[in-house]
Amino acid sequence: MSGEKTQPNGERPQIDDLIPLEEAARISGFTDRHVRKLAVNNEIWAVKLGRNWFTTVQAINAYLAENRKPGPKPKKGR
């Protein structure tokens, strides 16, 4: 595990707390692809071990608790 990564609460996760992104997708209701995008873009706490990404339930819950604006993005200049 990367020694510098901490979760939103500032704690370093234990190896037993890690869940694969597929499980995070089931918990959140998002698609696997969307959860992976969130991880790659550092919108959720995640760590890549080998070729697989992992996160924690706490990180998913923290992201879901944020006030996000769903829906289409505004169009840029015409």
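The legends below describe close-up views of a predicted model. Local features need pLDDT of at least 70 and side-chain atom pairs count only at pLDDT 80 or more, while totals for chains, interfaces and linings use all residues. Residues are numbered from 1 along each chain as its sequence is written, and side-chain values use heavy atoms, with hydrogens and water left out.

**View 1. The three-stranded open sheet has the order β1-β3-β2 with antiparallel pairing.** Strands (E, at least two residues) and helices (H or I, at least four) are DSSP runs numbered from the N terminus; two strands pair if DSSP finds at least two bridges between them. The edge strands, β1 (18-20) and β2 (47-49), each pair on one side only. Neighbouring strands are turned by 45° against each other on average, direction ignored; axes are lines fitted to C-alpha atoms, for helices over the stretch in contact, and angles run from 0 to 180 degrees between N-to-C directions.

**View 2. β1 and β3 (residues 52-56) run antiparallel and are joined by three bridges.** Leucine 18 stands opposite threonine 56 in β3. Helix α3 (residues 57-65) packs on the sheet and touches β1 and β3, where contact means heavy atoms within 4.5 Å. The direction of α3 makes about 70° with that of β3.

**View 3. Helix α1 (residues 21-28) has Leu21, Ala24, Ala25 and Ser28 buried.** These residues cover an arc of only 105° around the axis, which puts them on the same side of α1; the arc is that of the directions from the helix axis to the C-beta atoms. Buried means under 20% relative accessible area, exposed over 50% and partly exposed in between, with a 1.4 Å probe and protein chains only. The buried residues of α1 pack against β1, α2 (32-40), β3 and α3. Glycine 29 follows α1 and has a positive phi, near 90°.

**View 4. In helix α3, Ala59, Ile60 and Tyr63 are the buried residues.** They fall within an arc of 100° seen down the axis, so they line one face of the helix. Their packing partners are α1, α2 and β3.

**View 5. Phenylalanine 30 and tyrosine 63 form an edge-to-face aromatic pair.** The centres are 6.2 Å apart, with 70° between the planes. Rings of Phe, Tyr and Trp (its six-membered ring) pair if their centres lie within 6.5 Å; planes under 30 degrees apart count as stacked, over 60 as edge-to-face and the rest as tilted. Phenylalanine 30 lies in the loop between α1 and α2 and tyrosine 63 in α3, so the pair ties together parts 33 residues apart in sequence. Phenylalanine 30 is partly exposed at 25% relative accessibility, whereas tyrosine 63 is buried at 8%.
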